[in-house]
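Work through these exercises with the structure open beside you. Try each task before you read its solution.

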Amino acid sequence: TGDDQAAGSAAAPVQTFAKALEIVADGGTIHLVGVVDVSGWEGHGKSITVTGGEMNLTGITTLYLGDSVHFTDMTIRFPTEKDDTPTNSYDKETLFYVYCNGYKTVFDKDITVLHGSSNQFKGIRVHLYGGTNQKTLASTNLTVLTGTWGYIYGGSNSKNITGDVHLTVGGTVNSTVDYVSHTYSSRYLMVGGSRTGNIDGTVYMNVTGGIHTSTHGGSIGKS
């Protein structure tokens, strides 16, 4: 429902998430109504809050944020698995990548993270980066307080951060994973730095809760 020619108010909502990103004021809030399909994120460099309803990401495999975002009191739905029977082979997994692109991002404790299946722990891993993919950034700032995430990186994938990295993980992150019987229990990783990328500044890593099977304060494969 809605019309992208509308004002974007409660009485006259817009139809698409892209239009909402375009017209929301810096410091403003996007209120999702029902299920809203998101096929990408055209950034505007704003600082916004996204709340209410469900953000449906099942039509894509990678999301690059283009704004500083506080996700609160809402549902985020990722794709389901490729195969109902998990194995130790990567080709049986559905991998989803979220790159926050150095923008300050908060996944608050009151959101619900779903993986498109009644059993959200079968062959699914969401890789969450405070940085980006294959590009150098100045700094990152990521807070994660709930949800099931395969890998959480404060930094980037395969490129450097020239300044500081701030990563906070707490609350109920990965707390519902069955680490005894789950095939992928060894693949819940938290990394303060990057994946094969240097951090030239300081990594500030604050772990106040949540569960991970492996934790690295710096980068993997780099300094």
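**Exercise 1. The whole chain**

Task: How many helices and strands are there in the chain?

Solution. Start with the count: the chain has 1 helix and 17 strands. Helices (H or I, at least four residues) and strands (E, at least two) are DSSP runs, numbered from the N terminus. Next, know your source. This is a predicted model, where local features need pLDDT of at least 70, side-chain atom pairs count only at pLDDT 80 or more, and totals for chains, interfaces and linings use all residues. Residues are numbered from 1 along each chain as its sequence is written, and side-chain values use heavy atoms, with hydrogens and water left out.

**Exercise 2. An asparagine in a loop**

Task: Is N174 buried or exposed?

Solution. Find N174 in the loop between strand 14 (165-169) and strand 15 (189-191). Check its accessibility: N174 is at 0%, so it counts as buried. Then follow the side chain of N174, which reaches the backbone nitrogen of W149 at 2.8 Å.

**Exercise 3. N56 and R77**

Task: Which residues does N56 touch, not counting those up to four places away in sequence?

Solution. N56 has a relative accessible area of 13%, so it is buried. With that sequence limit, N56 touches V35, V36, D37, V38 and R77. The side chain of N56 also makes a polar contact with the side chain of T58 (2.8 Å). A polar contact is a pair of N or O atoms within 3.5 Å; within protein, one must be able to donate a hydrogen and the other to accept it, and residues adjacent in sequence count only if both atoms are side-chain atoms.

Move on to R77, in strand 7 (residues 75-77). R77 has 23% relative accessibility, so it counts as partly exposed. The C-alpha atoms of R77 and E54 are separated by 7.1 Å.

**Exercise 4. Confidence**

Task: Where does pLDDT stay under 50?

Solution. pLDDT is the predictor's confidence in each residue, from 0 to 100. The chain averages 87. pLDDT stays under 50 over residues 83-90 and over residues 117-121.

Definitions and conventions:
Buried < 20%, exposed > 50% of the residue type's maximum accessible area, 1.4 Å probe, protein only. Contact = heavy atoms within 4.5 Å.
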